[in-house]
Amino acid sequence: MPERGALAGPRLLLRRLREAMAEPVSPQARLDKIVVHIASNMVAEVCSVYVLRADGRLELFATEGLNREAVHLTTMRAGEGLVGLIAESAEPLALSDAQSHPAFSYKPETGEEIYHSFLGVPILRGGNTLGVLVVQNRARRTYSEEEIEVLQTTAMLLAEMIATGELQAIVRPGAELGMRRPMALEGAPLAEGVGLGHVVLHEPRIVIKQLVAEDLKAEEKRLEEAISAVRENIDRLVDHGDQTGPGEHREILETFRMFAHDQGWLRRLREAVFTGLTAEAAVERVQNDARAKLQRRPDPYLRERLHDLDDLANRLLHQLTGLPFVTANDQLPDNAILVARSMGPAALLDYDRKKLRGLVLEEGGRSSHVAIVARALGIPAVGEVPNIIDYAEPGDAIIVDGSSGEVQLRPPQDVEAAYGEKARLRARRQEQYRKLRDVPAVTKDGVAIDLHMNAGLQVDLPHVEETGALSIGLFRTELQFMVASQFPRMEAQVELYKSVMDATGGRPVTFRTLDIGGDKILPYMDAFEEENPALGWRAIRIGLDRPGLLRSQLRALLRAGSGRDMRIMFPMVSDVSEFVAAKEMVGRELRHLERHGYTLPSSLKLGIMLEVPSVLWQLDEIFARVDFVSIGSNDLFQYVFAADRDNRRMAHRFDPMSRPFLRVIKQVVDHARAAGKPVTLCGEIGGSALDAMALIGVGLRGLSMTASSIGPVKAMVLALDEQDLRAEMSRLMAQDDGTHSLRAALRAYAEAKGVPL
Ligand code: PEP
Ligand code: MG
């Protein structure tokens, strides 16, 4: 750490700058004062501020030392000259002989040719470059590490001025600032629909109100205390594994711990406070640099580590400010578009549905549970949008197109109008789908396809009537458990299951018993640490090991089904013995209810979710025992290809529309037919018109999907010639062309045959 005396200058500078920030003068006058203070404090002849515009050019906004006439006239491209180089690389650059640098380019109107030494730093916010701050000296000199530090710290103040929009007042028409520029981003479509609204950060960014320390000692103490508190917290999490929220696995915590004890990181924080920043500003300063550096690295592993560092910095900021971790419902505007890096399904369910218009995630694949919940709630959602959290400011206008995967941040008026039109068009198309409600889903050559609906929340239920689904093919009971604050009591469960059956107008409901574990965590249940949660203690495995839980759910289901037809299926069955054990449990519950004088269901069908590959080699034994099978393609696909359904990097590598996976489906369908047992599919692919077409082509006759997919899938079915499709599928499946995905071929087929997708 530098000597204390050596930094009196920087601290004085920060104090001067703080005064300049508080003065009631115009933004230009403030900038002009700031450059004078910096130049004089750093004993430089020149200090200039360049700000990045929306057109990608850097504009000279203020200078001390260069020709004043050049202000707002001199501009350069990112990458052009030394200033452009700094903007592009987001790294400081210190040169004792600037003119010999290969990137040097000289702007005659500024009169800078007489200055030899050059020190420039990026003006950063959240890892994005907003501008460049430069000092220059006539003499050849070497700038010290400390001077670079000081200039970086000063650049934070400028970042604040730019980000808060203060400079907006001195922007010339047509030369808008980059910070607020409209951005069209592209991600993966997760949930259908178009949402227009305003950005709400799921984990709100902490706005640092005071950058410059009043009392240095006090700030040092605050920083040290916050570091210890965060460290203790993390150590406790690692050691005990308690209080872990969804997704916080041991590995992440270990990485946290590593960073929290990283001496380099801690030193940089302390140094930043030492230069005169508040503890919060120091955290932001150090994090900005880390972001700028890591974001530009091609190595995805390093970029991933940036997330850990971000989380850690965030924890420190929350510790320092005492502010809450997630946005509270009462702070939601009426048209909130949630923006998050990642989110568990329970977190999404915590928000007031009525106020949510959309969801944008930096991560999250189509079959992640948060995507499933978004679809169930009818919230348009897009995933895999890189760096959206950095680009979006709370309150920014934003449009989410969950059908195409487009996200428009701060859209210009014409774009907004176009999307408004798109939303209206979609509503019209929905109207047409509604007209199909009572039309049976039968192909042109007379093959009936049963379309069912997936549900799990009370809000889903009215859709059964609206869509004309034949039944609820999958009721995910765990979603209700996830929104509850404590384990639902027996009576509450009975009431809930009854209300589900009441709401479906006599249509059957297939209840799936609790599928918890993996990323589906009950807030009131002890969290447990697992290396591989997807391969861990999940679903029926918990149900059989903790029979009390499953038994009470079964009892509630059977009581709710009193006098009615009842369908129950078990998730994640891997072995026939598990089904046998579960069936025995059902038998015991039936006997218990009978003994106590309850009316039993008038019929009871028991089935399994086929989602673990081991079942594929027990099809005879399974089909001999079950009443029905529902293929859980989300999990089955991830296990067949050994590709985590939530892992962004895997999202494009493997496609269910590939020979191996379609062969698996065909094998199950053929077996079911031979055994005379019904089989449906309830994974997300059933709701994609193209995928559903291929599934029908390999023989499936029942699909269960989100409500909004039923219309489009039915429209597709109505246009099909099943015999022709079957022939095409046999041809495609038999081909050995060494390729993976059949998607393009399927799309071409649909186009040629006029099948709407
Ligand atoms: C599946 O795995 O396909 C399925 C429908 O269940 P879930 O998505 O709830 O795991
Ligand atoms: Mg599953």
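This is a predicted model: local features need pLDDT of at least 70, side-chain atom pairs count only at pLDDT 80 or more; totals for chains, interfaces and linings use all residues.
Local features rest on pLDDT of at least 70 and side-chain atom pairs on pLDDT 80 or more, whereas totals for chains, interfaces and linings use all residues; side-chain values use heavy atoms, without hydrogens and water. Residues are numbered from 1 along each chain as its sequence is written, and chains are lettered from A and ligands numbered from 1 in the order in which they are written.

Helix H2 spans residues 27-41 and helix H4 residues 145-163; helices here are DSSP runs of H or I with at least four residues, numbered from the N terminus. Their axes lie 12 Å apart at an angle of about 180°, where axes are lines fitted to C-alpha atoms over the stretch in contact and angles run from 0 to 180 degrees between N-to-C directions. H2 is therefore roughly antiparallel to H4, a label for angles over 145 degrees. Pro27, Arg30, Leu31, Ile34 and Ile38 of H2 form the contact with Leu151, Thr154, Leu158 and Met161 of H4, contact meaning heavy atoms within 4.5 Å. By class, seven of these residues are nonpolar, one is polar and one is charged; Ala, Val, Leu, Ile, Met, Phe, Trp, Tyr, Cys and Pro count as nonpolar, Asp, Glu, Lys and Arg as charged, and the others, Gly among them, as polar.

With helix H19 (residues 576-595), H18 makes an angle of about 55°, the axes being 10 Å apart. The contact includes Leu550, Leu554 and Leu558 of H18 and Met585, Val586 and Leu590 of H19. Its residues comprise eight nonpolar, one polar and four charged.

Helix H16 (residues 490-503) also meets H18, with axes that come within 8 Å and cross at roughly 45°. H16 is therefore oblique to H18, and this crossing too is right-handed. Among the residues that meet are Val494, Tyr497 and Met501 in H16 and Ala556, Leu557 and Ala560 in H18. This contact has seven nonpolar, three polar and four charged residues.

Ligand 1 is surrounded by 16 residues, the closest being Arg476, Arg512, Gly632, Asn634 and Arg645; a residue qualifies if one of its heavy atoms lies within 4 Å. An N or O atom in the side chain of Arg512 is 2.8 Å from a ligand oxygen, and a polar side-chain atom of Asp635 is 3.0 Å from one. Gly632 contributes a backbone N or O atom, 3.4 Å from an oxygen of ligand 1.

How values were computed
Helices (H or I, at least four residues) and strands (E, at least two) are DSSP runs, numbered from the N terminus. A polar contact is a pair of N or O atoms within 3.5 Å; within protein, one must be able to donate a hydrogen and the other to accept it, and residues adjacent in sequence count only if both atoms are side-chain atoms. Angles under 35 degrees count as roughly parallel, over 145 as roughly antiparallel, 65 to 115 as roughly perpendicular and the rest as oblique. A crossing is left-handed if the near helix is turned anticlockwise from the far one by less than a right angle, and right-handed if clockwise.
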